[in-house]
Structure formats: structure tokens, C-alpha cells
Amino acid sequence: MKAQTEINDIEEKKAPMLPTWRVILDMIRYRWKLWLVNLCSMLMLIAFWQIPGFVMREFFDLLTGDSTAGWNVWTLVGFLVACEAGRILGVFGLISTNVPFFVNTMTLLRKNLLVHILRRPGAHALPDSPGEAISRFRGDVFEIALFALWVNDILGMIAFGAVAVIAMLTINASITGVSIVPFIVVGVIANSATNRIETYRRASRKASGIVTGFIGEFFGAVQAVKVATAEESVLQHFDEINEDRKKMMVKDRLFHTLLGSLFRNTVNLGTGITLILAAQYMRDGTFTVGDFSLFVFLLGGISELTTFSGLLVARYKQIGVSVERMGRLMEGSPPEALTTFSPVYMDGNFPDVVYPEKTEGDYLERLDVKGLSYRYPDSENGIADIQLHLKPGTLTVVTGRVGSGKTTLLRVLLGLLPKDSGEIYWNGRPVTAPDNWFTPPRCAYTAQVPRLFSDTLRNNVLMGLNREDAAIMQALRMAVMEYDLGEFEDGLETKVGPKGVKLSGGQIQRTAAARMFAREPELLVFDDLSSALDVETERTLWARIFEHREGANPPTCLAVSHRKVALRRADHIIVMQDGRIAAQGTLDELLETCEEMQRLWHGDSAPAMEGTN
């Protein structure tokens, strides 16, 4: 089974990460007031849940004539009423703190995960599939927040157990000693099962991630599946990976359930032995009916403590898997990044998003690139010794064959891939962090395959930017989208569907271009933007970009293209070959002096240059 092989054979790289206990402790510290109120509420609930056991002891002793002087039925009823009121307060405290603690801690973890994913080089893929990444935002985050609250549960149960053991020791030390045995048994079982717990949990989470990722990819490729008439094979593959997921999930859940059953049955066995011993002492007259009722009541609480302790140990190992998975998703970040404290906003108004205003230093006077190099890991492909000089108001086109390094050049320049060497200068000043520098209002970029969101056309253009409709319409006009907009039923409010599936390829590209224009950057970077446009639309697009060329701040464009419309329009052309610049100059110059440019322009029928072999 291919999917099963993927689950079993893919070895996860372990990234540096905090120990599990530290992650849980940091979540408690992050909202310590909520956690403390929750703990106090739990202790109150446990205390008032425990008192009725002592009340029952006095009640049965009262019936048999062994009760303490001064106790009567109405006194016991009063205690029970007070206990119920205290339990209600405890429950109210738990309810009022559980949800806020959950939401705050889960939001912090998700925020930190997302922040460090966005800090990765933009062209680097995630270490695992999108499906697995989503499962870490969902199930793994939930497990950590839940365990932090379970710490309160176990502390409350320990407090109950301590009081219970002391009370039982004062009644009969021998019976009490027998009741401790299940603790030892459960501890041994839990420790021996930890490796199996970790293995099953990791396998089930990986299988779930594979299924989730496949569903996402399938939804994004419905058209391709239909064109290839591959519906049956796709569904068959889905059945296979879903079947593997079911098997892994069943193993994980079954093993967890068997452990729980084993814990409970071990405790029940100890309880039965304890009750047999208690019956013997009652027959000897050293154990009252009230003592017996108190023991039965307290043993129930100790049984819960024993069971919960064993399950908590097992869950702790499972959470270790969750922490490891999240650490892998954040590879390259410091271990403490997962739990770094920062504000989360659960109520009231969200803080305003502040977009940087263009300053004097943001205006482009000259962009210089010297010796820029990058090689893909475990590969000979990349770029080497790139020299580039852009002047304001010009169009520079990078062209070359497939695999010549055109797209890589743009990605390394913009910081989407980390350069191995070379220098970048903006107006003569070195750019040390290109991924942070080449952003609006200085630069805007559209990739070779633009990404749209399942939202309105307006929101896909703005993406949170605050612009009036007039500015949006101007950006759409520059992108030659005004006629298409008139055909959309809801205008700017038209839903484009997942990844823009309701739009044509050309409309997707022009929407992405409008997204750039709306930000009014100094430098526009296109990666084969016009590949899905007809010649006339592309000609109009370039004309509108430069129609105000004589203005105070004309746009500067760096574009990857093989289209003749762009090459004719270009002020400067760079020809890439095998990751290096083979030649550069104007179109006329290159057609006269560059054999590679001749081949690109004329195709394989390009005439050989004079003087070449």
C-alpha cells in the first residue's frame, strides 16, 4: 500500500524544541490568573464534593448509635446543603475560566506558528504537506491547552487523595495500605506503554495529515481531474489513504481505550480486596458502619485519581508528539518561539493595521545587484554572479529558456530564497534583509502562478489595504480589468471561488496585477505575468503601466517574460543561460550579437551568427 508506506517510511526530522513540560508551564504562565482561578475552583469543587463522605459516616454512625455527641439529622442536612452551594460555586468558577483559558492559549500557539511560517523564505515549501500543517493548528494546539487545564484536575484529585489517605489511615492503616497498591500497578503499566503510545499517536496524526492534504489538493485541481477523466483513480487513491488513516486512528484509539480499561479494572480489583478486608474488621467490631461507608466513598475518589493519573501519563507522551510536530513546522526558529508571549485579542476592537507610508528613502533612484548567487540544496541548479542595474521609470525584462534561472533570480533578489553571496543596494544603501525590504510601498511582486483567495474581487485586490473604490477602479484599469468587471454580476463584490476558480487564467493574472498597482510601489516585479493574456491585452497592460512615464515618480518594472510584446517594450533585456547572465542590452543589440537571444526570438530556425562554430 503506497499510502501506508508514506506513513511508515517518512522519517520526521527533529527540530530543536522546548521540552513538553516547559511548553505546558509557559501556557499556564501566559494566563496564570485564569489558571489560578480555575485551580481554586477545582479545589473548592473537590473539597465540597468530599465533605458528604464524612457526613454519611456520621449519618450511619448516628443510626447505629456510634455518632459523636451533638450531631443530629438536621445538622447533617445543613452540611449537605452548604456543600451543594459550594459545589455550584466551584462549577461556576470552572465554567467561567475554562473557555477563556482555552481560547487565549490556543490563539497564542496558533499565532506563533503562523508568524514563524510567514518568516520562512517565501519560496521554501513547508517541511510537510498542507494537510499535516493544518492538523497541527487544530488537534496539536488543542491537546496542549487541554493538558494545562488537566493539571488542575490532577492537583485537585491529589488534594482529595491526600485528605482521603490521611482520613483512612486514622481509621485503619492496614486497609489503607492495600488501597495504595493500584497506584504502583498503574504506574508500571503507564511507563511500559509510553513508547507504543507515542508510536500510535504519531502515525495517526501523520495519516490524518495525508488525508487532509489530499482533500485540499483535490479541491484545487478539480478541473484537471475532470479533463484527465481521472475521477475513478482519484477516488480510489482517496479510499486507500482514508482506509490507512482509519486503521491508524483505530489503533491509537483502541490502545488508549484498553489502557483506560486496564487502569479502571486494576483499581476495581484493589477496591474489591479492600472491601473484603473491611468486612473482616467490621465483624471483629473495630470498624463501624460509618467507617465502611466513608471508605467506600473515598475509595471512589482514589479510584478516579489512580485512573486519571495513568491516563495523564499516557496523554503526556502524546502531547510530546504534538510539540515535536509543531517544532518541525517551525524549523529554523529558536525553540522558545512556540510559546513566546504576545497580545491576543479576544474581545473589544481589534488593533488597527498600520501600513507604512512612503518616505523619502523609499523612492527608487537606482537598484544595484552585485555578484548575487544561490544554489538549491542538493542540486547544481541556481544562479551565479548576477550583476543587475535598474534605473527608475524603466522596464527590464529577464528572458531565457526554461530552467535558465529567471524565476530564481527574482526570488533571490526579493529574499524569497536566501542568497548564498552577493550584495544588493537600494539608492546606494546596502539591503541586508531583502525579504523585509522588498515590500510595499517600495516593491510589489506577482509570482508565476498568482494566488487568489476564496473571497470577493475587492478583498483579493486590497488584502486588508484601506483604499476607496476610486483607487481600486484605477488599479483594475491599469490591469485592463474594467471590461471584465462590467461583466461580473456583483462587480467588486463578486466571489472568485477557491484560488480564483471562477475566473479565467488571464483574469487571475490581471487581478494579481491590480493587487500590486493598488499599493503604488516604486518597483513592480512580474514573473511571466502576461503568459495567459492575448497580445492586445498585454500591449494595453504595458502601455497603461507606463502611460504616466513622464510624471514625477514613474514606475520601475523588472519582469520575467519570453513574450515579444514585452521584449519590444523593454528598455533593457537580460538573457539568462544556465543560471548566469549570457548577455544584456537592448533588443536590437541582442538580436545582432547574442546567439541565445536569436534562438529565443526566432525559435530553432534562428540563423547562426557570423564568426561562430
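Reader: Is glutamate 84 buried or exposed, or partly exposed?
Author: In this predicted model, glutamate 84 has a relative accessible area of 40%, so the residue counts as partly exposed.

Reader: What does the side chain of glutamate 84 meet in a salt bridge?
Author: The partner is arginine 87, at 3.7 Å from N to O. Arginine 87 is partly exposed, with a relative accessible area of 28%.

Reader: Where do glutamate 84 and arginine 87 lie?
Author: Both are in helix α4 (residues 73-118), 3 residues apart, which is about one turn of the helix.

Reader: How many salt bridges does the structure hold?
Author: There are 20. One of them joins glutamate 143 to arginine 315, with the closest N and O atoms 2.8 Å apart. Glutamate 143 belongs to helix α5 (residues 130-171) and arginine 315 to helix α9 (residues 289-329), so this pair ties together parts that are 172 residues apart in sequence.

Reader: Why does glutamate 143 count as buried?
Author: Because its relative accessibility is 7%, and buried means under 20%. Arginine 315 also counts as buried, at 14%.

Reader: And arginine 477, what does its side chain meet?
Author: Glutamate 547, in a salt bridge of 2.9 Å, N to O. Arginine 477 sits in helix α13 (residues 469-478), while glutamate 547 is in the loop between α16 (535-545) and β8 (556-560), 70 residues apart.

Reader: Switching topic. Which residues make the nonpolar surface patch?
Author: Trp21, Leu25 and Tyr316 make a patch of about 300 Å². Leucine 25 is in helix α2 (residues 20-30) and counts as partly exposed, at 37% relative accessibility.

Notes: Residues numbered from 1 in each chain as written. Predicted model: local features only at pLDDT ≥ 70, side-chain atom pairs only at ≥ 80, totals over all residues. Heavy atoms only, no water. Patch = residues over 30% accessible without salt bridge, like charges linked within 9 Å, V, L, I, M, F, W, Y side chains within 5 Å. Areas by Shrake-Rupley, 256 points an atom, 1.4 Å probe, with all protein chains shown as cover. Salt bridge = Lys/Arg side-chain N within 4 Å of Asp/Glu carboxyl O. Helix = DSSP H or I, 4+ residues; strand = E, 2+ residues; numbered from the N terminus. Buried < 20%, exposed > 50% of the residue type's maximum accessible area, 1.4 Å probe, protein only.
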